[in-house]
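Here are some notes to read alongside the model, in numbered points.

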Amino acid sequence: MPLRLVTFSNKWESPIRPSSGEKDPVDYARKLDIKVVVKQSVLHGSGNRHDVQRVANVYIDGRQFGVSAPPDATGSPLEWVKHLYVTQMGSMGEEEEVRGEFADLALGKVKDELENLEKQKRDENRANGIHPDGVHWAAQICLSGHVQHCDDGKPIDPNIHCTKCGGRCIDECPHCAEPIRGVQRHRAEIYARPQFCHRCGAPYPWMQDRLQTAKELLYHDDKLTMDDRTQLLDLLKYVMSDPRGGLAPAKKKLIEIKLEKATGYVREIFLDLIAKIAAETLKP
Ligand SMILES: [Zn+2]
Ligand SMILES: [Zn+2]
């Protein structure tokens, strides 16, 4: 199909307008010749508030648009989609911001392209057993918490079952689909199995069950006030999310002190639970 030639009397005027025969602007936009050239898929941020972080150039029927992020934006431009803006070279040789359907079209195309790139990278990394952040190996863990892969760079096979318990395995957060991190690739470290998703903060399945047990235990103990229960759960979550952190011993001590009020068996089971989780977490 020949490309439609659109002429502009004014660059602020939107060209994405159906002519008499075409009612649907989306359909019309599909006939435009659009190319996206991504300049940066990771933003590093700039201290200078006049700096432009160009994310991509978009060519629509031969006209160039720039899509940029604010100077202090860092990380994936996809996380900054709402703050990206579109510019065009003005007659004075200065970039001028453009709004309207043209700008929306350019933004939409850049978002699609970035998502494609991210997915491509994710698939490539997955095939090499690397976490999409590029820093960690990918991890695969069974629902009960037995670690299958965390440092070997083997491709993740979603269909395997746990070699210890036969359970189903996951390699991403069931809540937000963020892949689970293994050990860092360029550092020798012992793997601390994560208990909570680093992106959304939800407990992983192996932690969910234990948190539920801990919660039920505490809520059945009449010797504890509502406040005690909430605080104990928060402390537990804290210790579990960072068992080797500097504050973990102090928080553990606080748990012990708070539990002194609790019924004997509740205290025992609770402390036992913490010891077990800590031991599992720190296992290489
Ligand atoms: Zn297992
Ligand atoms: Zn998550």
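1. Val98 lies in strand β7. Beyond its neighbours within four places in sequence, Val98 is in contact with Phe65, Val86, Thr87, Gln88 and Ala103 (contact: C-beta atoms, placed from the backbone, within 7 Å). Phe65 is 33 residues from Val98 in sequence, and their C-alpha atoms are 8.6 Å apart.

2. A word on the source: this is a predicted model, in which local features need pLDDT of at least 70 and side-chain atom pairs count only at pLDDT 80 or more, while totals for chains, interfaces and linings use all residues. Residues are numbered from 1 along each chain as its sequence is written, and chains are lettered from A and ligands numbered from 1 in the order in which they are written.

3. Now to the sheet around Val98. Five strands form an open sheet in the order β1-β3-β4-β6-β7, with antiparallel pairing (strands are DSSP E runs of at least two residues, helices H or I runs of at least four, numbered from the N terminus; two strands pair if DSSP finds at least two bridges between them). β1 (34–38) and β7 (95–98) are the edges, each with a single partner strand, so one side of each has no neighbour in the sheet. On average, neighbouring strands are turned by 30° against each other, direction ignored (axes are lines fitted to C-alpha atoms, for helices over the stretch in contact, and angles run from 0 to 180 degrees between N-to-C directions).

4. Strand β6 (residues 85–89) runs antiparallel to β7, and four bridges join them. Met89 stands opposite Glu95, and Gln88 opposite Glu96. The two strands form a hairpin with five residues between them, and Gly93 in the turn has a positive phi of about 75°.

5. Which helix lies across β1, β3, β4, β6 and β7? Helix α2 (residues 101–127) does, running at about 115° to β3.

6. Two helix pairs are worth a look. The crossing of α4 and α5 is left-handed (the near helix is turned anticlockwise from the far one by less than a right angle; clockwise is right-handed). α3 and α4 pack at about 155°, with axes 10 Å apart, and their crossing is right-handed. The contact between α3 and α4 includes Leu218 of α3 and Leu236 of α4.

7. Leu236 leads on to the largest nonpolar core, with 29 residues, where Ala139, Ile141 and Leu236 touch the most other members (a nonpolar core is a set of buried Ala, Val, Leu, Ile, Met, Phe, Trp, Tyr and Cys residues joined through C-beta atoms within 7 Å). β8 (136–138), β9 (140–142), α3 (205–219), α4 (226–241) and α6 (264–282) each supply at least two of its residues, and α3 gives the most, with five. A second, separate core of 17 residues includes Ala56, Ala69, Leu84 and Val86.

Terms used. Buried ≥ 20, exposed ≤ 12 C-beta atoms within 10 Å, placed from the backbone. Contact = placed C-beta atoms within 7 Å.
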